[in-house]
Amino acid sequence: MNKLTQYLVEGILGKSTEGVIILFPGGFKPATGGHLSLVKRYASQPNVSEVNIMIGPGERDGITRDQSIAVWKKLLIGVANVKVTKSNEVTPITAAYKYIETAKPGTYALASSSKGKDYDRVLKFIAGHAKDGKYKRKGVAVVEMAIDTAPALYKGRKDDFNGKGISASILRKDLANRNFNNFKTNYPETSIETVKSIYGLLTKKPIAESVLLLNEGGGAGHLAHPYEDYDLTFSDIANMIDAALGGTVEAAQEKLDGQNLMVTYKDGKIRGARNKGHLKDFAANSLTVAQVKQTFAGRGPIQAAFTEAMVDLESAIAALSPKQKEKFFANGSKFLNLEVLYPETANVVPYGATQLRIHHIKEYDKAGNVIGEDIQAAREFEGALRQVEAQNQKTYEIKITDPVTIRKSADFVKQKEELLKILKDVVGKRALKMDDKLGLYFQAWWKEYITNTGKQYGYNIEDTVLQQLINRWAFGNKETNIKVIRDGITNEDFKTWAIEFDKRDYAMQNKIAASPIENLFLKLGVYTLSNIENLVSLNPNNSVRQMKKDLKSAVNQIKVSGKTDANALDFLKRELTRLKDIGGYNAILPTEGIVFKYNGKLFKLTGAFAPINQLIGYMKFG
């Protein structure tokens with residue numbers, strides 16, 4: 001802020017100003033990497049309190065304002081102090097003038113680079129709102145905060161636009177040509193996952209930014225904790241901390257601790273799937289009601305839960321029209337992905353509900369691979385059931401899995417400082433940088449561990465052997481057989497150790513390596529989950545009491561086992577320490593956690609559920 005601007009600000013508002021609000025009006029059909037770069041520059045300025053992106057009406061080449069808003073939300077994940085609003089003015093400059101007409105007392109600036117016609121409009125805008133200007137308002141200061149920034153240029157294109165400035169008009173041409181390789185050059189600083197998500201949103205999919213596609217369990221696959229994604233940078237983790245504590249994570253949804261089931265309707269009958277084989281050949285080998293019952297024979301309540309779910313769904317689907325059945329299931333190529341909540345089969349969280357919670361509808365090809373995902377179709381399915389009053393069946397209530405609301409933490413500043421300190425300690429200890437990927441942390445941890453072990457045997461490990469062992473133990477790369485690695489080791493004692501370690505010990509060391517990052521996310525989960533509204537549990541207090549009771553029972557049983565089994569006692573100490581570090585019994589909440597999106601990927605936060613699940617599961621399956 002120059003001296004004249006500083007004088008104006010302090011003269012009107014005093015020296016205690018809270019900061020400048022940046023107005024950034026435009027059509028943004030859609031936003032580009034150039035727009036994003038400017039927003040980030042403004043948002044990072046210490047004297048800026050907020051950047052207000054104001055999106056005008058109208059449509060350009062089929063791109064709507066709603067799509068523009070959805071694109072901005074994807075681009076702004078992890079960017080603080082920015083909001084996206086709608087403007088009904090046709091031109092951006094008119095939108096800015098109209099905004100100031102009713103703006104609260106404060107200091108405002110119009111976003112702009114420091115050159116060209118945009119800058120001329122900024123100077124005119126400032127003059128119009130000056131002390132003697134036509135549009136002056138008491139208590140409102142309009143100041144200059146143009147930013148010197150080089151234009152974002154296209155790189156990596158194979159056309160005449162390479163090296164020229166990024167623009168929305170060129171981006172729209174890339175969309176019209178369905179050229180993703182060119183399209184991605186419009187977002188040079190954005191992750192490829194987010195770019196793919198934006199491309200899909202603008203070319204194929206309806207907007208549904210408040211919901212996500214939940215995938216885990218049964219035939220649906222594994223959902224990762226953030227610390228399992230080695231491509232995340234430490235800056236990404238810092239952004240996740242800020243978003244989770246601030247209640248701004250994208251597409252948050254409760255993760256349910258039930259049993260997963262996938263269901264379709266084929267040749268006039270309901271069919272179930274629990275693995276990929278059931279999905280292949282358009283559900284040719286999927287399970288009938290009788291086969292589901294047989295699959296879980298002898299498992300008491302588990303058998304009842306799945307069988308009654310199939311029976312209820314069959315009855316509900318029978319109430320739909322043939323056209324609706326075809327729309328939702330396409331005779332075996334589309335499946336409902338849902339969670340079975342049945343009190344007698346509760347794992348860790350007793351919800352007290354008997355429900356079938358629908359996540360989404362997935363479409364599969366002949367090989368059983370996903371070719372489409374549709375949350376909106378799942379909502380329409382629930383709506384269709386309600387229209388014919390078929391959502392309440394003999395055993396279950398059939399419902400969509402709704403997004404959750406996360407309040408901003410009341411201790412936001414304190415909790416953020418605590419977690420960022422943990423993160424920076426991890427980074428500093430391994431001499432890493434915030435822009436480094438998590439994979440480098442594990443590389444450094446294992447390099448130190450293996451090298452120190454080699455020293456114990458008087459062995460200066462060859463670089464090739466060292467990297468092969470790191471790849472195998474840190475990153476699970478089994479392409480290089482341990483026997484091949486063994487042949488390259490020239491120290492016999494170390495060779496013997498490495499072979500034995502590979503058989504039984506390296507997985508535990510990986511847990512030890514991950515524990516600082518894992519515990520950080522568990523603590524973040526505890527803080528975040530305590531701010532969730534509209535959980536599925538019917539009686540949260542009863543659920544927590546039962547969870548504590550089950551946990552105490554499991555702990556007591558493991559103690560007894562520990563008298564004859566040292567491994568059981570070590571396991572108990574390890575998991576209780578994890579629980580203690582994140583708040584102990586007070587951290588227990590009536591939920592498994594949440595699922596959220598970051599840069600186009602799905603992750604989960606589970607808080608205290610993780611160690612509790614391990615302890616209770618040990619007695620069930622250990």
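Before we start, a residue is called buried here when its relative accessible area is under 20%, and please keep in mind that what you see is a predicted model. With that cut-off in hand, look at strand S1, residues 20-26, which is mostly covered, since seven of its seven residues are buried. Val-20, Ile-22, Phe-24 and Gly-26 point one way from S1, while Ile-21, Leu-23 and Pro-25 point the other way, and all of them are buried.

Let me turn to the partners of this strand. S1 pairs in the parallel sense with strand S4, residues 106-110, over four bridges, and within S4 the bridge partner of Ile-21 is Tyr-108. S1 also pairs in the parallel sense with strand S2, residues 48-55, here over seven bridges, with Val-20 standing opposite Val-48. To get from S1 to S2 the chain passes through helix H2, residues 33-43, and this β-α-β crossover is right-handed.

Is Asn-186 buried or exposed? Asn-186 counts as buried, because its relative accessibility is 0%. Its side chain makes a polar contact with the side chain of Tyr-154 at 2.5 Å, and the side chain of Asn-186 also reaches the backbone oxygen of Phe-183 at 2.9 Å. Leaving aside neighbours within four places in sequence, Asn-186 is in contact with several residues, among them Thr-32, Gly-33, Arg-157 and Asp-174.

Note on methods. Residues are numbered from 1 along each chain as its sequence is written. This is a predicted model: local features need pLDDT of at least 70, side-chain atom pairs count only at pLDDT 80 or more; totals for chains, interfaces and linings use all residues. Side-chain values use heavy atoms; hydrogens and water are left out. Buried means under 20% relative accessible area, exposed over 50%, partly exposed in between (1.4 Å probe, protein chains only). A polar contact is a pair of N or O atoms within 3.5 Å; within protein, one must be able to donate a hydrogen and the other to accept it, and residues adjacent in sequence count only if both atoms are side-chain atoms. Contact means heavy atoms within 4.5 Å. Helices (H or I, at least four residues) and strands (E, at least two) are DSSP runs, numbered from the N terminus. Two strands pair if DSSP finds at least two bridges between them. A crossover is right-handed if, with the strands pointing away from the viewer, the path from the first strand over the helix to the second runs clockwise.
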